[in-house]
Amino acid sequence: MGKTPLNVRGSALHQLENRYSTTRCYSYLRNASAFLESGDGVTADRNRWGIILAVLMIVSGVAHGNARGQQTAEFRTPTPPNAPRIHGPKIYGVRPGHPFLYRIPCTGIRPIRFSARYLPASLKLDRRTGIITGEAPAKYGEYTVELAAVSAYGEDGRTFKIVVGDTIGLTPQMGWNDWYTFYDHVTAADVRKAADAMFASGMADFGYQYVDIDDCWAREPGSGDPELSGPARDAQGNILPNARFPDMRDLVNHIHSLGLKSGIYTSPGPLTCAHFEGSYQHEAADARQFAQWGFDLLKYDWCSYGQIAKDQTIASLQAPYRKMGAIVAGLDRDVVLNMCQYGMGDVWQWGREVGGNSWRTTGDLGLAKGSSLPGFYSIGFANAEHGRFAGPGGWNDPDYILIGTVGDARHQNSGARQTQLTPEEQYSYMSMWSLMAAPLFFSGDMAKLDAFTRNVLGNAEVIDIDQDPLGKQAAIVRTTSAEFILAKRLDDGSLAVGLFNLTTAPRAITVNWSDLGISGQQMARDVWRQHDLGSFATVYSTNLPAHGVELVRLIPKQAR
Ligand code: GLA
């Protein structure tokens, strides 16, 4: 099979696609590229049709009309090069002897051949897919692996440190959660489609990995809906999924087959927030069941536990999480524990100690009231206060990224629609989350992922700030009614600085080295546009549009 379609997809088509495409056209093209690799006549034929369809979609300009000028907005993220570029975390924690699954995130035109020098003997790399599977080494220690990716267009390499120990979640989790799209009507088919889209859209190539089911997969006691009613547990007390999730194991297997991971949700109370079956008095059995199904993450949502807790003391707030933290740590697979209790009792101070890998610091972002600023700002400002408690293994969680086509949490049945955030606000959102080393979970509709949203979510240099191995959350440098400045120390000695204009008028924002605790010549790099801005001696200034952001990396000159 010739390379022509692949070339086309990588250059002119990709540019066009950036302007006009839908996820579907992108996925046709991508799948076509992948199948063309296989050299099998039937799939190649089918995919020739895929390519034709994709081109027709582009030519007919099928586009999602984004709110408030998104369609005409500047796409800040440059198109990734045709040559391979390896992304994702540089450090990865796993418990000894546990099942291992990691797909090397890598952009560029496929086929790409992967290799991994010094990979521990208990692990195996599929050179074509870049998926590493097997069992983590039994011995505690650090294993420094040299990853490489080679294609007809070039090559790339990256050091990947596997740390076998007791701590997982050494960098913030990245993925998708269904809540703000599907609410109480989520189905296995929706989740499967989201996983497929994470793969096909290229999101997984930037490091998005977890595909998480939120509330409403279990039975709803007392429900009149035949799909949700029936006994919540079997005779042995095992929790039962509702009829919309006919085969949990099969769903998780599918997600794993793509090299992705999967998350599930429950509550320590008798009922979840949406009044579905919770895990009260079944904690260990339910956790074992989740592990047997193959889940890799558990969101543990306080909800009706309020009726069980005898008071609001720290010990009472901690009790259910301490219990689940110990259970999860004793499972025979790595399960990330995402604590959700909205910041009660200053959870950031003790979330890690009770076994959490992340903890929500606020109420639901989708319910946050915007005043002069949209809701994500107030959540971001609150979360930014707790920077010193975040670090490898435990992260402040300000909730999901609500952009693209997303549902309204106040009117859950009204259907998903385009975000009302301006393009500038969306860049501000993603910049703030990355500077705060927040878990990056998109919660819009993966099947309707448009090109602008992908450009916001899929900027490798922005994501690198979030995933930096040092694991520092940004410190607040300035907070006034007009300006917000965050600065995050990075592993290579550079400093990521976010300058946020909070006003509705253009504004010049200036930051002095003395504000940042640095000195000397600094090379400034525009992280979104991925180009160097020059050298600066004592101060950095920029003009920002209404609610605009600039994210710069200041690299001490001698460090280059
Ligand atoms: C709470 C959580 C949300 C979501 C819903 C599900 O509101 O904070 O993130 O999980 O419950 O009912």
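Mentor: The largest pocket

The largest pocket holds about 570 Å³ of space. A pocket, on a 1 Å grid over the protein atoms alone, is an open set of points where a 1.4 Å probe fits, with protein on both sides within 12 Å along at least five of seven lines. Grid points are joined across faces, edges and corners, and the volume is the space filled by probe spheres set on the points. Helices (H or I, at least four residues) and strands (E, at least two) are DSSP runs, numbered from the N terminus.

The model is predicted: local features need pLDDT of at least 70, side-chain atom pairs count only at pLDDT 80 or more, and totals for chains, interfaces and linings use all residues. Residues are numbered from 1 along each chain as its sequence is written, and side-chain values use heavy atoms, with hydrogens and water left out.

Now to H10. Because 7 of its 10 residues are buried, H10 is largely enclosed by the rest of the structure; buried means under 20% relative accessible area (1.4 Å probe, protein chains only). Among these buried residues are Gly375, Phe376 and Tyr377. Their cover includes H11 and strands E16 (395-397), E20 (475-479) and E21 (483-489), by contact, meaning heavy atoms within 4.5 Å.

Note on methods: On a 1 Å grid over the protein atoms alone, a cavity is a set of points where a 1.4 Å probe fits but cannot get out, and a pocket is an open set with protein on both sides within 12 Å along at least five of seven lines; lining residues have an atom within 4 Å of a point. Buried means under 20% relative accessible area, exposed over 50%, partly exposed in between (1.4 Å probe, protein chains only).
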